[in-house]
Amino acid sequence: MRYDSLIESLGRTPLVGLPRLSPSPDVRLWAKIESNNPTGSVKDRAALYMITAAEKEGLLRPGVTILEPTSGNTGISLAMVCRQRGYRLICVMPENTSVERRQLLTMYGAEIVTSPAAGGSNQAVAVAKQLASENPDWVMLYQYGNPANAQAHYETTGPEIIEDLPEITHFVAGLGTTGTLMGTGRYLREHRPGVRIIAAEPRYGELVYGLRNIDEGFVPELYDASVLTSRFSVGPREALRRTRQLVEEEGIFAGISTGAILHAALGEAMKCVQAGQTADIAFVVCDGGWKYLSTGAYAGTLEEAEAALEGQLWA
Amino acid sequence: MAIEVRIPTILRTYTGGEKAVEAKGDTLEGLIDDLDSRHAGIKGRLITEEGKLHRFVNVYVNDEDVRFLGSLETPLKDGDSVTVLPAVAGG
């Protein structure tokens, strides 16, 4: 397929079956390979939509500074678009994120402001809001509350899945900004009443939950619980085990958050098998495993890999 | 009926530093009441004055978010695992 530029090639990612991991011919798993996007993650969709929306609103002119709190992928996606459109990008990133993400951001020309590890992305959000108030001419796209984030999935991811899998019964994705689940989930519910929308939420090590008090907690403004059917917390052990299973049995080399999503998807699949129901379960492969090689996720035993992930933001 | 409850760092002042404690209850509400009888004050950090789960507190029964199970009325049985976590940002 031919495109005028890299950005034009975004989306229309493959939906591939998992013949070995699907529990039966009646209960099938389908992977939406978002790692095939231009910078290798699902966040390309939200990044392009947020920038395009800001351009339409007249907020962006060449040379303007964009600011964003991000644990990595959104920053990388924004950096790719900003490079091509002539915007300066500053990413606020927690210090406990992988070295590859920092290297990629720097390579794409973004500047990085580091926020403390304790408190995870909550602190990155707080630091970014502070910087935005000190620099009123900077534009914060704010993925956690920007409707264009969810809209990207409502207009692209959702329709793509319906086109490729009209018989879909379940959609499983990761819960971070909530944009993927809110946008895709709303579209699927409108077009397939009864579809189950399942969230898989990464459960990190204790450091990440190291808030000083409960009131420092954070729920993204985009989050609407009524879109979801259920929500599961998945720890690093299960996420790592599934990430390895995905590459060993199906040849799909994915990042660790995808392992968490697969774990929830397989849980739903087993419930359908036990209930004697047929099911077609689509789940999101958020990104490839390349950016996480330095975390030790793919080397040694599961115990060693889990220990190496302690305190890191792995999704 | 003993159920293991995992306590996040910020609430361990109530449990003498313990990461996990045991409590009893047929529902999540009963469990939290029992927890409060052993670790006074913890209920006030989990539940608002209106009697709902605090917005920034997530509670999971066997890794599933209780807000999708029945919230405070979620039934519990022996051997269940309850995890309490503060809501943090992802992405």
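Ala282(A) is placed in strand S10 (residues 279-285) of chain A; strands are DSSP runs of E of at least two residues, helices are runs of H or I of at least four, and both are numbered from the N terminus. The model is a predicted one, in which local features need pLDDT of at least 70 and side-chain atom pairs count only at pLDDT 80 or more, while totals for chains, interfaces and linings use all residues. Residues are numbered from 1 along each chain as its sequence is written, and chains are lettered from A and ligands numbered from 1 in the order in which they are written.

Ala282(A) counts as buried because it has 26 C-beta neighbours inside 10 Å. A residue is buried if 20 or more other C-beta atoms, placed from the backbone, lie within 10 Å of its own, exposed if 12 or fewer do, and partly exposed in between. When residues up to four places away in sequence are not counted, Ala282(A) touches Leu15(A), Trp30(A), Lys32(A), Ile161(A), Leu165(A), Ile168(A) and Phe171(A); contact requires C-beta atoms, placed from the backbone, to lie within 7 Å. The C-alpha atoms of Ala282(A) and Leu165(A) are 8.2 Å apart in space, with a separation of 117 residues in sequence.

Also in chain A, helix H2 (residues 73-85) packs with helix H3 (residues 99-107) at an angle of about 15°, the axes being 9 Å apart. Axes are lines fitted to C-alpha atoms, for helices over the stretch in contact, and angles run from 0 to 180 degrees between N-to-C directions. H2(A) and H3(A) are therefore roughly parallel, a term for angles under 35 degrees. The crossing of H2(A) past H3(A) is left-handed, that is, the near helix is turned anticlockwise from the far one by less than a right angle. H2(A) contributes Gly75(A), Ile76(A) and Ala79(A) to the contact, and H3(A) contributes Arg101(A), Leu104(A) and Leu105(A). By class, four of these residues are nonpolar, one is polar and one is charged. Ala, Val, Leu, Ile, Met, Phe, Trp, Tyr, Cys and Pro count as nonpolar, Asp, Glu, Lys and Arg as charged, and the others, including Gly, as polar.

Chain B contains two helices and five strands, in the order β-β-α-α-β-β-β from the N terminus. Its radius of gyration, taken over C-alpha atoms, is 12 Å, which agrees with the value near 12 Å for a compact globule of 91 residues; the globule rule is 2.2 Å times the number of residues to the power 0.38. The C-alpha trace of chain B spans about 40 × 30 × 25 Å along its principal axes. Of the 91 residues in chain B, 30% are buried. Among contacts in chain B between residues at least 6 apart in sequence, 45% join residues at least 24 apart.

Asn62(B) lies in the loop between S3 and S4 of chain B and is partly exposed, with 14 C-beta neighbours inside 10 Å. Ser71(B), in the loop between S4 and S5 of chain B, is partly exposed with 15 other C-beta atoms within 10 Å.

The contact between the chains takes 34 residues from chain A and 22 residues from chain B. On the side of chain B, strands S3 (57-61), S4 (64-65) and S5 (81-86) are the elements that give two or more residues. S5(B) gives the most, with three residues. By class, this side of chain B has eleven nonpolar, five polar and six charged residues.

Key: Angles under 35 degrees count as roughly parallel, over 145 as roughly antiparallel, 65 to 115 as roughly perpendicular and the rest as oblique. Two residues are in contact if their C-beta atoms, placed from the backbone, lie within 7 Å.
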